[in-house]
Amino acid sequence: MESTPETDGGDRSSEAKCRGRGKAWLPLENVGVVLSACQLPDASIDGTNMHVTTYEKKIFDQFVRKAPTLVELPDQSKVWRGRSPRSCHEQCRKIIKDCKSLHAHLLHVKRANPTGNRSEGDLIRVAVGLLNKNVTLSEMYDVIKNKAYNVGKQFIFMNCYKVLRDRFPARLQPTSMET
């Protein structure tokens, strides 16, 4: 009778093989993984003749190299040690996708050309409301005038959006497949 790894404890490690929800990403880790992916050479970004696992590994290596300097916590190694190349790549894809969506909504609000005394923060609040589907464009002036106007949940990747907007604006532009 053959023994299976599940019954005799075999070589299956519970932490390596179990699937499910991983550790929560800290805001500084989110910025770190986005910076790691965006600072790769252009040849890596294009992905021509590169397997996805190689790309994931490059993002992960860059992230681990930068993690101790990006995350200012007492025990730095515990923060990024549990991340895998795949989780870094997936988190980066999720962040960039959400930031592109916010950026598209923000451009839509700017094209509407709201009049009056508006700040960049006001326009971002309207864009977040549009993103959450809690605000329509006709309610834009109400959001700008009333700071207590409920626009729904906060955009959790705002720090990543600001980094992408300031340092890598080309990453926020829609690709040919998204238009």
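# Reading contacts in a predicted model

Me: How many salt bridges does the structure hold?

Reply: The structure holds five salt bridges. Keep in mind that this is a predicted model. The general idea is simple. Side chains of opposite charge can pair when their charged atoms come close.

Me: Take E56. With which residue does E56 form a salt bridge?

Reply: Its partner is R86, and the closest N and O atoms are 3.6 Å apart. Now place the two in the fold. E56 sits in helix 5 (residues 52-70) and R86 in helix 7, so the pair ties together parts 30 residues apart in sequence.

Me: Is E56 buried or exposed?

Reply: E56 is buried, at a relative accessible area of 5%. The cut-off for buried is under 20%.

Me: What does K110 pair with?

Reply: K110 forms a salt bridge with E120, with 3.6 Å between the closest N and O atoms. This pair links distant parts of the chain: K110 belongs to helix 7 and E120 to helix 8 (residues 120-131), 10 residues apart. K110 is partly exposed, with a relative accessible area of 40%. E120 is partly exposed too, at 34%.

Me: Which residue forms a salt bridge with D166?

Reply: R165 does, and the closest N and O atoms lie 3.2 Å apart. D166 is exposed, with a relative accessible area of 54%. R165 is partly exposed, at 27%.

Me: On to rings. How many aromatic pairs does the structure hold?

Reply: There are two aromatic pairs. The general idea: a pair of aromatic rings is described by the distance of the centres and the angle of the planes.

Me: How are the rings of W25 and F63 arranged?

Reply: Their centres are 5.9 Å apart and their planes stand at 45°, so the pair is tilted. W25 lies in the loop between helix 2 (14-17) and helix 3 (27-38), while F63 lies in helix 5, so the pair ties together parts 38 residues apart in sequence. Both W25 and F63 are buried.

Me: Why is the pair of F155 and F157 edge-to-face?

Reply: Look at the angle. The planes of F155 and F157 are at 85°, with the ring centres 6.3 Å apart, so the pair is edge-to-face. The cut-off for that class is over 60 degrees. F155 is buried, with a relative accessible area of 13%. F157 counts as buried at 2%.

Me: Now helix packing. At what angle do the axes of helix 7 and helix 10 cross?

Reply: For a helix pair, read the axes, then the residues. The axes of helix 7 (residues 85-111) and helix 10 (residues 158-167) come within 10 Å and cross at roughly 75°. The two helices are therefore roughly perpendicular to each other.

Me: Which residues make the contact?

Reply: Helix 7 supplies I95, I96, C99, L102, H103 and L106. Helix 10 supplies M158, C160, Y161 and L164. By type, the residues of this contact divide into nine nonpolar, one polar and no charged.

Me: Pick out H103. Where is its place, and is H103 buried or exposed?

Reply: H103 is in helix 7. H103 is buried, with a relative accessible area of 12%.

Me: What is H103 in contact with, leaving aside its neighbours within four places in sequence?

Reply: H103 is in contact with Y161, L172 and Q173.

Note on methods:
Residues are numbered from 1 along each chain as its sequence is written. This is a predicted model: local features need pLDDT of at least 70, side-chain atom pairs count only at pLDDT 80 or more; totals for chains, interfaces and linings use all residues. Side-chain values use heavy atoms; hydrogens and water are left out. Axes are lines fitted to C-alpha atoms, for helices over the stretch in contact, and angles run from 0 to 180 degrees between N-to-C directions. Helices (H or I, at least four residues) and strands (E, at least two) are DSSP runs, numbered from the N terminus. Angles under 35 degrees count as roughly parallel, over 145 as roughly antiparallel, 65 to 115 as roughly perpendicular and the rest as oblique. Contact means heavy atoms within 4.5 Å. Ala, Val, Leu, Ile, Met, Phe, Trp, Tyr, Cys and Pro count as nonpolar, Asp, Glu, Lys and Arg as charged, and the others, Gly among them, as polar. A salt bridge is a side-chain nitrogen of Lys or Arg within 4 Å of a carboxyl oxygen of Asp or Glu. Buried means under 20% relative accessible area, exposed over 50%, partly exposed in between (1.4 Å probe, protein chains only). Rings of Phe, Tyr and Trp (its six-membered ring) pair if their centres lie within 6.5 Å; planes under 30 degrees apart count as stacked, over 60 as edge-to-face and the rest as tilted.
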